[in-house]
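Subject: A structure for you to look at

Hi there,

Here is the structure I promised to pass on. Please open it beside this email and follow along as you read.

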Amino acid sequence: MKFTELKCVSENVNLDEYLWLYSYVRDNMEHKEWLGTFTREEIEDVLSVGGKIFMYYDGTTPVCSMFYMPVKNKTLTKHNVEHDESIVGSLGPIMVSKDYVGNGFQREMMKVLDEYAKSIGKEYIYTKAQSENIYSINNMLKNGYEVVHEYESERGMATALIKKI
């Protein structure tokens, strides 16, 4: 399947479907801690301050998703990013259903996020991943991200990355 064959919904996203996909992906991961957790309330809070979810469907089946999240200067400073929050956006959780892994969807979604972030005036995208998650980190590096910080988190070693878009 090709990414272009999927239907994208990014307005009035069904949070129940997003949370179902989140749980489905996390439950089927060998290392669940790589994805972390978000409650409905936390997601709604991020959406209320400029966050945006992109859900992709194969017909009516949720396939993959990414979450654009605003980022604060405090977080950027903590992770050695020397840019102001006004020009930096964040790639939050990005996930692909186990039934669709291997189709390049994560990298394609990152390209969509770059275009969205540019459209709202951002110049950089910041993100982080568990350091052992070499699949995601390799995809980020292939997409132009650079490592800016490695640190110990509550879920183990983590890597912070940034990309000029």
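An axis here is a line fitted to C-alpha atoms, for helices over the stretch in contact, and angles run from 0 to 180 degrees between N-to-C directions. Helices (H or I, at least four residues) and strands (E, at least two) are DSSP runs, numbered from the N terminus. Please keep in mind that this is a predicted model, where local features need pLDDT of at least 70 and side-chain atom pairs count only at pLDDT 80 or more, while totals for chains, interfaces and linings use all residues. Residues are numbered from 1 along each chain as its sequence is written, and side-chain values use heavy atoms, with hydrogens and water left out.

Let's start with α4 and α5. Helix α4 (residues 105–119) packs on helix α5 (residues 134–142) at an angle of about 45°, and their axes are 10 Å apart. The two are therefore oblique to each other (under 35 degrees is roughly parallel, over 145 roughly antiparallel, 65 to 115 roughly perpendicular, and the rest oblique). In this contact (heavy atoms within 4.5 Å), α4 supplies Gln106, Arg107 and Met110, and α5 supplies Tyr135, Ser136, Asn139, Met140 and Lys142.

Now α4 by itself. Its 15 residues reach 21 Å from first C-alpha to last, close to the 21 Å expected at 1.5 Å a residue (the expected span is 1.5 Å times one less than the number of residues). Its buried residues are Phe105, Gln106, Met109, Met110, Leu113, Asp114, Tyr116 and Ala117; buried means under 20% relative accessible area, exposed over 50%, and partly exposed in between, with a 1.4 Å probe and protein chains only. Those buried residues pack against β2 (52–58), β3 (61–70), β4 (88–96), β5 (124–130), α5 and β7. Just after α4, Gly121 takes a positive phi of about 90°.

Helix α1 (residues 15–27) and helix α2 (residues 40–48) pack at about 120°, with axes 11 Å apart, which makes α1 oblique to α2. Leu15, Asp16, Tyr18 and Leu19 of α1 meet Arg40, Ile43, Glu44 and Leu47 of α2.

Finally, have a look at Glu154, in the loop between β6 (146–153) and β7 (156–164). Glu154 counts as exposed because its relative accessibility is 74%. Glu154 and Glu33 are 121 residues apart in sequence, and 9.6 Å apart in space, C-alpha to C-alpha.

Enjoy exploring!
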